[in-house]
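Keep the structure in view while reading.

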Amino acid sequence: MTKKRKNMLKKIEKAYADRDLEALDKLAIPRFREINKNNNFTSALMLSCHNIKHLSKIESLDAQCILLNLEDGVAKEDKPFALVLAAIFISEIKKSDKKLVVRVNALDEGGYDEITYLNQFMPDAIRVPKIHNKDEVKNVLALLNEDIELHLSIETAESWHNLSSLSVNKRVTAFYLGILDLFADMGLPQSLIHVNNPTMLYMLSHFLITTKAMKVKPVSFVFQEFEDLQTFEQWLLLEKQMGYDAKACISPKQVALVNKTLVCPEEEIKRAKVIVKLFEMHQEEGITGFVDEEYGFIDEPIYKGALKLLQT
């Protein structure tokens with residue numbers, strides 16, 4: 001850490017310790033940021049924005065997406081400070097290979113004002129919790145800086161019912177499954193949340209397919225028992241089998257497992273490369289459907305699938 005960075009960190013820590021919001025706000029200086037448009041992240045780590053120690057480690061974390069949280073886990077009296085701290089640390093990172101996403105509070109609990117404030121600091125995306133319908137999405141997009149992406153938490157019964165209508169603009173790029181709040185809003189017991197429950201299998205499947213059909217990235221739910229890595233890995237293996245490529249995390253150990261598990265196997269990449277090469281060779285001869293001894297029948301849809309895999 002540079003001397004300048006250390007001095008800045010001391011000022012931040014003092015202002016926060018003194019509960020001096022005005023002094024802290026003076027440290028939040030909007031700067032030009034190069035927006036990270038990459039949505040190929042697998043691990044999305046939640047960081048509470050009132051924890052300076054954690055915020056100062058953003059660039060050294062292994063997660064490919066950092067969710068700067070202003071909502072759950074941040075006490076009401078800390079929320080104004082958390083908002084300014086998020087702005088400070090975002091503005092200090094002019095370019096990052098990590099996706100920097102701020103999860104604001106619910107729209108009727110200060111979310112609109114937080115988005116207005118954060119616009120000038122240019123996070124890569126804003127994540128809105130407890131969304132209900134497409135009208136709310138349109139309202140947010142009208143307010144949000146046009147260069148900032150919009151992520152939505154699907155955690156209300158109404159948002160689940162309206163899921164297929166929420167991608168109203170190409171700037172809506174990711175949906176997060178908020179399973180605990182969703183179950184609570186639907187009146188379902190949390191005891192249903194285990195890997196062999198058919199309701200969970202249905203919900204994960206429906207969420208994945210509906211979201212993918214809209215060309216939006218589906219991010220699977222947070223597993224709260226962060227010390228139970230064995231069960232967490234069971235969820236990961238199931239989700240990988242289903243087709244998920246991203247999961248929200250609340251600990252570095254969860255991040256490590258996600259990064260290890262939710263990656264495209266080397267053999268799949270090798271297979272895709274061969275299929276693309278074989279198809280293009282046959283296509284030059286006017287053949288767009290043929291049988292290969294090793295890879296079986298190959299036609300244009302299979303070719304396009306392999307090509308898509310290599311492009312992600």
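## Terms and model

Two strands pair if DSSP finds at least two bridges between them. Strands (E, at least two residues) and helices (H or I, at least four) are DSSP runs numbered from the N terminus. The model is predicted: local features need pLDDT of at least 70, side-chain atom pairs count only at pLDDT 80 or more, and totals for chains, interfaces and linings use all residues. Residues are numbered from 1 along each chain as its sequence is written, and side-chain values use heavy atoms, with hydrogens and water left out.

## Strand β5 and its neighbours

Strand β4 (residues 125-128) runs parallel to β5 and is joined to β5 by four bridges. I126 has L150 of β5 as its bridge partner. On the way from β4 to β5 comes helix α6 (residues 134-143), and the three make a right-handed β-α-β unit. Right-handed means that, with the strands pointing away from the viewer, the path from the first strand over the helix to the second runs clockwise.

β5 also pairs with strand β6 (residues 172-177), in the parallel sense, over five bridges. Here the partner of L152 is F175 in β6.

## Burial of β5

In a regular strand, side chains alternate between the two faces of the sheet. In β5, E149, H151 and S153 on one side and L150, L152 and I154 on the other are all buried (under 20% relative accessible area, 1.4 Å probe, protein chains only). Six of the six residues of β5 (residues 149-154) are buried, so the strand is largely enclosed by the rest of the structure.

Notes:
Buried means under 20% relative accessible area, exposed over 50%, partly exposed in between (1.4 Å probe, protein chains only).
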